Amino acid sequence: METTGAAFASRAAVSPRLVRKLPNVANWCTVTILLLLVFFPIVYLLIMSFKSYGEIIASFWSLPNPWVFDNYTRGWTVIAPYVVNTVPLVAVATFLTVVCSSLGSYAFARHRFPGKEFFYFLLLALMMVPSMLTLVPRYVLVKQLGLIDTPWVLILPWSAQSVAFGVLLCRSFFATLPEDLFEAGRIDGASEWQIYRLIAVPLSYPILVTLAVVDAFDHYNDYIWPLLSIATKANQVVSVGLTEFDSFDVIEFGPKFAAYVIASVPLIILFLLGMRYFIRGITAGALKT
Amino acid sequence: MVTTQQARVPWPRRGGLSLLWWSIYEHRISYLFILPVFALTLVFSYYPALAGLVYAFTDWQPGLDQIDFVGLQNFVTMVQDRYIQVGTQNLLILLVATIGKYLTVPFLVAELIYQIRPYRAQYWLRTLFVTPLVMPTMATILLWQQIYHPSIGLVNNLLKAIGLGALARPWLGDPGTALGAIIFIGFPWVVVLPFLIYLGGLMSIPADVIDAARVDGATALRRIWHIDFHLLVPQFRLCAVLGFIAQMQGFWYILVLTGGGPLDATYTPALEMYYAAFRFGKYGYASAIALVLFIVIMIGTVLNFTLVKSSVEYEA
């Protein structure tokens, strides 16, 4: 391993930069094949969601003929109530997480107070505790608190599970903001709350959106906890609702696939709104946190 | 809070402890800032975690009034539990598969995309590989269940179409293929999080280093081998840990797809914990399983960070 990065870097200073634009055909081919494979199940899902049962049996490989839009009506009646249940819960839990994380990480990044290191270590330790370890006791707890089947039984534990990561993520971001800004605020007589609200938060929108996107995806996809803590079908969330369809009921194939597509709509919207921040946040900062 | 009441003295009268109270009172705003985080986690994370530690040593079952400490009995039961034994074997296979997935394809795709120019194409390809996130994970799992469907599934129809109809079978319903079918889900396994982590790592390699490699006539493969692997060790380490933790705890999709079956072909310890708690009401036993898994996760994580680090320092 004689050719280390450092050796290359030192030689770079003396040699002229070569700008090569070599369209790498092999690269493009591999990427295209991989993309086709990645999207194959999704395309399959979309096509099947428009086919009737008879057509799936008779001509599996053909495109839908005719396109059975009724699949979507029937899928909608089953899955829409679950989606409507889930979206506000996810929104509130995500909002709560972002607010709590940004408040906490602001203090950890910009304040000095007795026990700061200790409290921060406590949060770090929490990252190591798998949600599995707390599953049973948490279930017993919410039962004792009488929270079963209420919105809070999802919102509060969801938030509690993401704030540790949230504080870690935001803290490193807050720490990079120049101290001068905060100093100027203090000189102008702003309170700590005002400095947080008017200086720190507006500057950290990218990281807050990243956190919100990660959390919203996580909560929307959660299955085990709602399965345990929501007892009534009318209050149930979408992950559990999707399992409503009997997996061996072949007649319902089309509507079932249509329901999967419908259940994706909130995530598609979220993707369009926040994916730029998410990708940038993860690629830029995954290891710096 | 106790602290604020004690600290209402106008000025520290004595040194030592009262000075600390005074200092805490002075910084009360900071504590207010971190209060929401700790209020939430205290109730829904710290308390359950500690309670779980205690439950692990009891015979607690819901509905029974008396809860007894049984020492290590739960752990003895666990060693003898046939489902734990089979589950551990399955888990080892799953762990190798998952960590393998996290370390290979996402890195390969990151490398391919990293070398693609113009940057605009790179950006869009990156987004495209992240796009499958828009499917709820439950929908993805259920879609794959349909892909494995015995009569109208994609896999069997594909086999028939290429003349290999004899191989068609109920992939998830056959004890010999169920675990393999579960592992195959998500093919070609471009796992999003590791992919973005590797890509981020590659993009943070200084341009000088890359240029120098080119000037020295290094091919892309040589560059990957001599530079990228070395500079991305932290990323590989992180992804290995993420895959390890995810697989140690992940059981929900097994619960949905096979429920651990057919027979015990897809059991895992985490699934057994779920059944122990919520099907058989053995909270004490379930907590013991969770505790053991937690300890294994801790050891695995620490080992990964110490071992991998030292070996690389040795090489460099």
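Is the crossing of α4(A) and α3(B) left-handed or right-handed?

Modeller: Happy to. The model is predicted, so local features need pLDDT of at least 70 and side-chain atom pairs count only at pLDDT 80 or more, while totals for chains, interfaces and linings use all residues. Residues are numbered from 1 along each chain as its sequence is written, and chains are lettered from A and ligands numbered from 1 in the order in which they are written.

To your question: α4(A) and α3(B) make a left-handed crossing (the near helix is turned anticlockwise from the far one by less than a right angle; clockwise would be right-handed). Helices here are DSSP runs of H or I with at least four residues, numbered from the N terminus.

Now the residues. From α4(A) come Cys100(A), Ser101(A), Leu103(A), Gly104(A), Tyr106(A) and Ala107(A), and these meet Ser30(B), Phe33(B), Ile34(B), Pro36(B), Val37(B) and Leu40(B) of α3(B). Contact means that C-beta atoms, placed from the backbone, lie within 7 Å. By class, this contact has nine nonpolar, three polar and no charged residues (Ala, Val, Leu, Ile, Met, Phe, Trp, Tyr, Cys and Pro are nonpolar, Asp, Glu, Lys and Arg charged, and the others, Gly among them, polar).

Stepping back to the whole interface, 92 residues of chain B touch 87 residues of chain A. Helix α3 (residues 28-55) gives the most to chain B's side, with 17 residues. That side of chain B has 67 nonpolar, 18 polar and seven charged residues.

Another helix of chain B also reaches across. In α6(B), residues 105-114, eight of the ten residues are buried (20 or more other C-beta atoms within 10 Å of a residue's own; 12 or fewer is exposed, in between partly exposed). Among the buried ones are Phe107(B), Glu111(B) and Tyr114(B). The buried residues of α6(B) pack against α2 of chain A, together with α5, α7, α11 and α13 of chain B.

Definitions and conventions: Helix = DSSP H or I, 4+ residues; strand = E, 2+ residues; numbered from the N terminus. Contact = placed C-beta atoms within 7 Å.
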